[in-house]
Amino acid sequence: MPSLPPPRTTELYYDGGWHPVSVRESDSVTITRGLTGKGTRAEPTAATMRLGNRRGEVSAHDPASPLYGKIGRNTPLRFSVHAGGPHLAFPSSGLTVVSTPDHSSLAVAGDLDVRVDIAPISWGNTAALVSRHRFAGSQVHYVFLVGQNRMLQLLWSPNGTTASQRYVTSTAPVPAYDGQRLVLRATLDINNGAGGCTARFFYARRLDSTLWMPIGDPVTLSGTTSIFDGTAPLDIGDSDLNVTPDGFASLGRFTGRVHGVQVYDGVTLKLDVRPEAQATAGASSFTDSGGRLWTLSGGVTLSNKSVRLEGEVPAWPPERHVSGADSTVAIAPAGIMRRLGIGKKPLDSAIRRYITAAGPIECWPLTDGSSATSGAALRGGSPIVVVPGSSYAWSGGTLADWVEPVLNIDGIGGRVVMLTPASNAATLRWSVDWSFSEVTAAVLASVAERGGGRAWNLQFDPVAKTVWLLTFSPTGGSLVDLKVPAAIYDDRPHHIRLTVFDGGSGWANADLYIDGVLAGSAAEPVVAQPPQSIEWLAIPSGSNCSLSMGYVTYWGTGEPPAAEVYRALVGYPGESAGARITRIATEQGVAVSLDGEAASTEPLDVQQRETFLDTLETASNSDLGYLLERRDSRSLLYRARHTLYTQFPAVTLDYDQGVISGDLRPVDDDRLTRNDITVKREGGSEAPAILEEGRMSVLDPPSGVGRYDESVTLSLAADGQATGQAWWRLHLGTYDGLRYPSITVDLANPRASALVADLLAADVGDILRLQHLPAEYGPGPVDLMIRGYTEEVGANVWRITYVCDPGAPWRVGIYDDPASGKCDASSSQLTGPLTATATSFSVTTSDGPAWITAPGEFPIPLIVGGEEMRATAISGSTSPQTFTVVRSVNGVVKPHAAATPVAVARPAVYAL
């Protein structure tokens, strides 16, 4: 049995760095992380540990303590274990490289296939990943690298010279966050059969994965090619190439972790570097599976350090033993969600947050309370002045439900004035924004220039539904510069911007934007001057004016795009869940990582005013991803829904091998069952999804399970999204199988020691696979999705208990994939009875098309009466058809009666 506790390091962050601290080994460290309920938002990571304090080392409140004033409430803490096989750790400085000399076995005579399992500190750093490249002696073989903006590049030469080298760049960036572990793959088809060569880029989460997702589109070059075979060594993490192949950026050195490298010649594996299985932590070299020696230089190390928690310590309660001989501090480090979740104040509106972050010269939000006597300026300038005799109501106006109440001007001749501060930023260019709604009578917005000269006026005409731009001069009178139609006379929020700038040669140019779009431009033969005041005036016209007005903003040179200000005003409708989570966290100053591609997440409705975490949860609930904390940093992590689909398992646990500890107790309950679901779009329509037949249907038992209904309201950009949401949720809620609420693995168990690295890498949202289960649990393998876990590390225990949901419902179809791309046939059954050993039988299909017979589509996994078979051929173009199969793939051996249903074992499911 491995010795306990495993080597571990606990560190506190102070004085600008991490410093070790002593943890009492007699008390176990426990860490609980992930989701506990049915939702999409994790609970704050919670941990317990006891620090030694015999000499007052961590007495936060003792002035004599060496850490007094350095630690306190929410001091960062990091807890790591050192276990399992190592990885290559590349530091951020030094001439780092891991290299092996040239060998004939490294030659690539055909198609090139390079794969690297890495976790860079920053994916934005350019770096060579795998390289056989030497300028000296014209030894250019190939280089696989990360170029500018996370774009992958592959360079190669057919004859070893730089003059003949070629390269391709991926058409999309790597979809990863800084520090994320990912496997990148580049393939080069040297002869695509059409007179050219084609490169492709992919990513996966495991080096052994059979599920490769494309990064962009294939890139084809004219002319066939080849890979030079010379004498250059093979380097990991560096190259003598000092610029990217396109010449646009310097090529730096890789920093971060390398877990593996593979190189194929066509389908033949030529290089397989896996330090975890081939090396020893702390060694300066290792030998790979092909017997090649790899040397480390420049500070590269073989490390098996795994960060299990980076959090904050909210309190430092000292405890002294009654004998007085010992003192400890029992701390409860937590993830940042604990602190971020304290307080119930809703976020400011999206428009206020955007303007604040963009840094205007001044802004008057006009969101003051109902008893206010003036409107405060956002940046401390002069408050708004309401001219006596005006009829107005603070907090009486409405721009939108998601914007704070604003000023309402009601009456004839109402007038408000804002005095603009002097600013050098507005000398040659300035802009003024107005946000408003419900303009019911003629209104004038005016910007007076300094020096008592020209005024730029916008006249709103709700009758003609136009906006006029006029200039007024005390000496030259009023001129009509522009008249444009404007669909702004309703109760929705609208935005207008006037931008004036020096056009040269004594001319001032003016641009008018309406709801983010340039509506027209004008010019005056005058020198542009910065504003002195901004006014709103209800023009006396015999009819009362009603106007809701807010967020009058004065910008200088470098103003943000009018379209972005308007998007903020209307609450970012159509913004994807991933983009919203990233944007809001960034605005809040909270570090966030996005696992997945923002464009592939659910489009949302307008951003309502909620607390910070509730706003993020609204987005995650609509996308059905996981809102988490990162394990290795004090930051949030959003794992998008599409990253949960059809995963290669992070860990496979073999029941027969005794790697599962404790009692394995699956349950056959209805906790997750939902067969009648209605999804409502917030503020929109709703869509039902009901399973009306089958074992999990709303029919009364035994025909079904009875009705389990649920109604969900989501933030969705369009009514049509509700239908897909309802049917996907119905799919998840009608999974017919056992549920495994928890799985415990004892990492001190010698039988589990080979899995330690995989177990430590497995995270929330990953798939844990069980195989060779007892017959009464049903045929396996069984896939479980990890929703959370509790880890205990101590002198007498080291175990992880995973909290799981069924993973099978998340297995969706992948186009043209041999394992996940098979669609099911409908209404197929055995034509006659089938013995337990027969390998050929007849199948009748009463509805829909016949089964496919093309040889390239086989094998096809089948399920017949609980027995999994593998069809190797099907003959006959019409029903009935003859199937040739391999029997008992899942260990079930039995005969089957005529009319037993025949179906694809794991049919392709359409993802949401």
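Q: Which strand holds Asp 265?
A: Asp 265 lies in strand β17, residues 256-265; strands are DSSP runs of E with at least two residues, helices are runs of H or I with at least four, and both are numbered from the N terminus. The model is predicted, so local features need pLDDT of at least 70, side-chain atom pairs count only at pLDDT 80 or more, and totals for chains, interfaces and linings use all residues. Residues are numbered from 1 along each chain as its sequence is written, and side-chain values use heavy atoms, with hydrogens and water left out.

Q: Is Asp 265 buried or exposed?
A: Asp 265 is buried and has no salt bridge. Buried means under 20% relative accessible area, exposed over 50%, and partly exposed in between, with a 1.4 Å probe and protein chains only. A salt bridge is a side-chain nitrogen of Lys or Arg within 4 Å of a carboxyl oxygen of Asp or Glu.

Q: What is the nearest side chain of opposite charge to Asp 265?
A: That is Lys 270, 4.1 Å away. Lys and Arg count as positive and Asp and Glu as negative, while His and the chain ends are not counted.

Q: Which backbone nitrogen does the side chain of Asp 265 reach at 2.8 Å?
A: The backbone nitrogen of Gly 110.

Q: Changing topic: where does Ile 860 lie?
A: Ile 860 lies in strand β52, residues 860-864. Ile 860 is buried, with a relative accessible area of 4%.

Q: What does Ile 860 touch?
A: Leaving out residues up to four places away in sequence, Ile 860 touches Lys 822, Trp 851, Ile 852, Met 869, Arg 870, Ala 871 and Val 904; contact means heavy atoms within 4.5 Å.

Q: How many bridges join β43 to β44?
A: There are 5, and the two strands run antiparallel; strands pair if DSSP finds at least two bridges between them. Asp 676 stands opposite Ile 690 of β44.

Q: What about the turn of that hairpin?
A: The hairpin has 4 residues between the strands, and Gly 683 takes a positive phi near 80 degrees.

How values were computed: Polar contact = N/O pair within 3.5 Å; in protein donor to acceptor, adjacent residues only side chain to side chain.
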